[in-house]
Structures are given as structure tokens and as C-alpha cells.
Amino acid sequence: MASITRSTKLPADLADVAEARAKALGYPSWNAYIKGLIRYDALCQGAHTITLPWAQLPLLEQDKIDAKLLKYTQQGIGERGQLLKRLIEGTASLGGGAKKKDKDKKEENQNEK
């Protein structure tokens, strides 16, 4: 099947993350890496409970997350579960965890009753 061309703009930090990950994983090109991500997502069909809320944040907040992702990628922090835990904790400080904190407080209050 013939390929179609789609273009997208990425923040510099996120593009650097993609380049580094593509190389580290052994993809022959950045394009092959992107196709791999899309195929993996289609295979898993999982909810995007972390990244979808990020997409709804103001661009400045997304840039802060991308900068952290680049830092973690450069440091090689990517052990399964550890990076996700750090990102979740980091998004709480960026305002992404406020709803969860409120929910946890309500649950604590109900449990105390």
C-alpha cells in the first residue's frame, strides 16, 4: 500500500527524546520509530490515562513535561514503572495531580468515618 505524507510539529525537547529513543531502541530511522509507536498503540489499545491529560494542559506546561522527559531520557532513567512513577509525581506538582489529591482526601475522610 502506498504511504501518505502527514507532517507534525514537535517541541524541540520532545523531538530530541524521540531521536534518542529511536536510536537507543535500534530503529533505522525516526520515521520507523514513529510507525513503531503507532503500531504498538494499535496493538495494545490501552487508555492514554497519563498522556491524554497532558495534551489538554497549556503549551507552557507541556513544555515543562517535555523538558523533564528529555532529562530522564538523557540520564537513562527508564526502568519499567520507575519513570512512570516519577512522571506522575511530577505532574502533581504541575497541577495534573490536583484531582487525584482531592479524590484521595475524600476517600481518607470517608474511611475515617
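A salt bridge is defined here as a side-chain nitrogen of Lys or Arg within 4 Å of a carboxyl oxygen of Asp or Glu. The model is predicted, so that local features need pLDDT of at least 70 and side-chain atom pairs count only at pLDDT 80 or more, while totals for chains, interfaces and linings use all residues. Residues are numbered from 1 along each chain as its sequence is written, and side-chain values use heavy atoms, with hydrogens and water left out.

**Figure 1. Overall fold of the protein chain.** The chain has six helices and zero strands, in the order α-α-α-α-α-α along the sequence. Helices (H or I, at least four residues) and strands (E, at least two) are DSSP runs, numbered from the N terminus. Of the 113 residues, 17% count as buried; buried means under 20% relative accessible area, exposed over 50%, and partly exposed in between (1.4 Å probe, protein chains only). Among contacts (heavy atoms within 4.5 Å) between residues at least 6 apart in sequence, 44% join residues at least 24 apart.

Figure 2. D66 belongs to helix 4, which spans residues 59-75. The residue is buried yet has no salt bridge, and the nearest side chain of opposite charge, K68, is 12 Å away. Leaving aside residues up to four places away in sequence, D66 touches P11, D13 and L14.

**Figure 3. The salt bridge between E61 and K64.** One salt bridge is counted by this rule. The side chains of E61 and K64 form a salt bridge at 3.3 Å, N to O. Both residues lie in helix 4, three residues apart, about one turn of the helix. E61 is buried, at 17% relative accessible area, and K64 is partly exposed, at 38%.

**Figure 4. Backbone at Q45.** Q45 sits in the loop between helix 2 (30-44) and helix 3 (51-55). Its phi is positive, about 55 degrees, although Q45 is not a glycine. Most residues other than glycine have a negative phi. With 63% relative accessibility, Q45 is exposed.

**Figure 5. A32 and A22.** A32 is located in helix 2 and is buried, with a relative accessible area of 18%. A distance of 8.1 Å separates the C-alpha atoms of A32 and A22, which are ten residues apart along the chain.

**Figure 6. The second largest pocket.** A pocket is an open set of points on a 1 Å grid over the protein atoms alone, where a 1.4 Å probe fits, with protein on both sides within 12 Å along at least five of seven lines; lining residues have an atom within 4 Å of a point. The second largest pocket has a volume of about 410 Å³, a volume being the space filled by probe spheres set on the points. Its lining includes S3, I4, R6, W30, K35 and R39.

Notes: Lys, Arg positive; Asp, Glu negative; His and termini not counted.
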